[in-house]
Amino acid sequence: MLLRHTPKEIKERTAITINPAKTCQPIGAMYASLGIHGCLPHSHGSQGCCAYHRSTLTRHYKEPVMAATSSFTEGASVFGGQANLVQAINNIFTVYNPDIIAVHTTCLSETIGDDIPQIVAKAMTDGKIPDGKYVIHANTPSYAGSHVTGFGSMVKAMVDYFSENTAGKREVYNLIPGYVEPSDMEEVKRLANEMKIDSIMFPDTSGILNGPQTGRFEMFPEGGVSINDLKLTGDSAATIALGKLSSEPAARALDTKCKVPYKLLDIPIGFLATDRLIMAMQDLAGTTVPYSIELERGRMMDMITDMQQYLHGKRVALSADPDQLIPLVEFLISIGMDPVHIVTGTPGKKTEKRLRELTSGMKSEANIKVGANADLFLLHQWIKNDPVDLLIGNTYLKYIARDEDISMVRFGFPILDRVGHSYFPTVGYRGGMRLIEMILNALLDAKDRKSPDESFELVM
Ligand code: SF4
């Protein structure tokens, strides 16, 4: 009982978060940066921040994640980090030769108030940035937002620094995938291909964080959106932005800067959100839905129908990031499950409003908490008072799963103790089938384990 001190009685808390349901802004910024080809992320702060962010991404993706740091010590903490960053830019281009350095700030450099554009301008004036190379930045203090907003800020930086109007509009569509797995990005690109849509996805971590074992270390793997494509995003006919927090800031900036209209959609988790994506693609590009996609959807519906008796009425507790949580909750309700306890540490009034709307038709009102104090401690207390059949969330939920003997589906970020997420998507119809498989396996394994002899079934 690792969490044996969690009491059943819930008391109002104002000043403390216990086992948070979010992580640092810079982790999201670092992840987004890795989705640009030839990019080395750079953490402007202390070595400890960078080590934590790199190790979390490395553990989640089981791939070496490269990033540099300004290595703040006492001097930089007092006098500012300009000298460190200028020196770092020089060293990075000299030693590692990336095409681009994507700088994100940390709590310390934000508290000092370092002006990154001014420091980068100085590096440029001092001749530390070679011709044809780039340095971009995003402000990502971790006392605001979460890894999701950090991701959104770095994606917006890609627009701010690169998008431009060049040769006039092209029949190409920008896809901003949201903070999802490399496998999910691949799946969204595949759906666009099936719909015969020319697209630029940014960022795109597929091929970078889910690449093959070749026996050779590649500092900059083949995947990622190119800088040239990022420039061309300003000429695209429209943008499809998936996920309000992680994608809309960039889509809106692109609309303002280059007059590229955008459509904001949920990340396509579940058949309803995927339907909306497919319909949006059809409407924007004027293409038709091919039989291959109808087939995938039909298979997903068949799977849900075949196993409905095991899904219906099952009570679920969830902890995830808002952009995934909203379509996931919608999906669970659409297949007859009851998401009764829901937390997300990323703040946002609109997230809470949508979650309440989605769950308003359930038999009893769901427990929903968003932002400060929306932590795993509270989720555990809710579960102690009102048990569930299934947990869905990142690896940190395993402590509750173990103490309360509840089946768990690993979903979201970070997943530190399983593999598969970077290779097998949970978006689109195929991803939906995988989600259903994972949910059913968890529920049916528990049924097998817990059923008395007289109701132990061979066929289910
Ligand atoms: S919370 Fe702030 S100080 Fe801590 S690791 Fe994240 S960026 Fe660094």
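Reply: Helices (H or I, at least four residues) and strands (E, at least two) are DSSP runs, numbered from the N terminus. In those terms, Ser71 lies in the loop between β2 (68-69) and α3 (74-79). The model is predicted, so local features need pLDDT of at least 70 and side-chain atom pairs count only at pLDDT 80 or more, while totals for chains, interfaces and linings use all residues. Residues are numbered from 1 along each chain as its sequence is written.

Me: What is the phi of Ser71 near?

Reply: Most residues other than glycine have a negative phi. The phi of Ser71 is near 50 degrees, a positive value in a residue other than glycine. Lys259, also not a glycine, has a positive phi of about 60 degrees. Lys259 sits in the loop between α10 (244-258) and β8 (262-265).

Me: Is Lys259 buried or exposed?

Reply: The count is of other C-beta atoms, placed from the backbone, within 10 Å of a residue's own: 20 or more is buried, 12 or fewer exposed, and in between partly exposed. Lys259 has 10 and is therefore exposed. Ser71 has 17, so Ser71 is partly exposed. Over the chain, buried residues make up 51% of the 460 residues.

Me: Which residues are joined by a cis peptide bond?

Reply: Most peptide bonds are trans. Here a cis bond joins Phe202 and Pro203, with omega about -10 degrees. Another cis bond joins Phe413 and Pro414, with omega about -5 degrees. Pro203 is in the loop between β6 and α9, and Pro414 is in the loop between β13 (407-410) and α18 (428-450).

Me: What does Phe202 touch?

Reply: Two residues are in contact if their C-beta atoms, placed from the backbone, lie within 7 Å. Leaving out residues up to four places away in sequence, Phe202 touches Gly35, Met158, Asn174, Ile176, Val225, Leu230 and Thr233. The C-alpha atoms of Phe202 and Thr233 are separated by 9.1 Å, and the two residues are 31 apart along the chain. Phe202 is in the loop between β6 (199-201) and α9 (227-232), and counts as buried because 28 C-beta neighbours lie inside 10 Å.

Me: At what angle do α11 and α14 pack?

Reply: Axes are lines fitted to C-alpha atoms, for helices over the stretch in contact, and angles run from 0 to 180 degrees between N-to-C directions. Angles under 35 degrees count as roughly parallel, over 145 as roughly antiparallel, 65 to 115 as roughly perpendicular and the rest as oblique. Helix α11 (residues 271-285) and helix α14 (residues 322-334) pack at about 120 degrees, their axes 8 Å apart. The two helices are therefore oblique to each other. Phe271, Leu272 and Ala273 of α11 meet Pro327, Glu330, Phe331 and Ser334 of α14.

Me: Which residues surround the ligand?

Reply: A residue is near a molecule if its C-beta atom, placed from the backbone, lies within 6 Å of it. Around the ligand are Cys24, Pro26, Gly45, Cys49, Tyr52, Thr106, Cys107 and Ser142. For classes, Ala, Val, Leu, Ile, Met, Phe, Trp, Tyr, Cys and Pro count as nonpolar, Asp, Glu, Lys and Arg as charged, and the others, Gly among them, as polar. The shell divides into 5 nonpolar, 3 polar and no charged residues.
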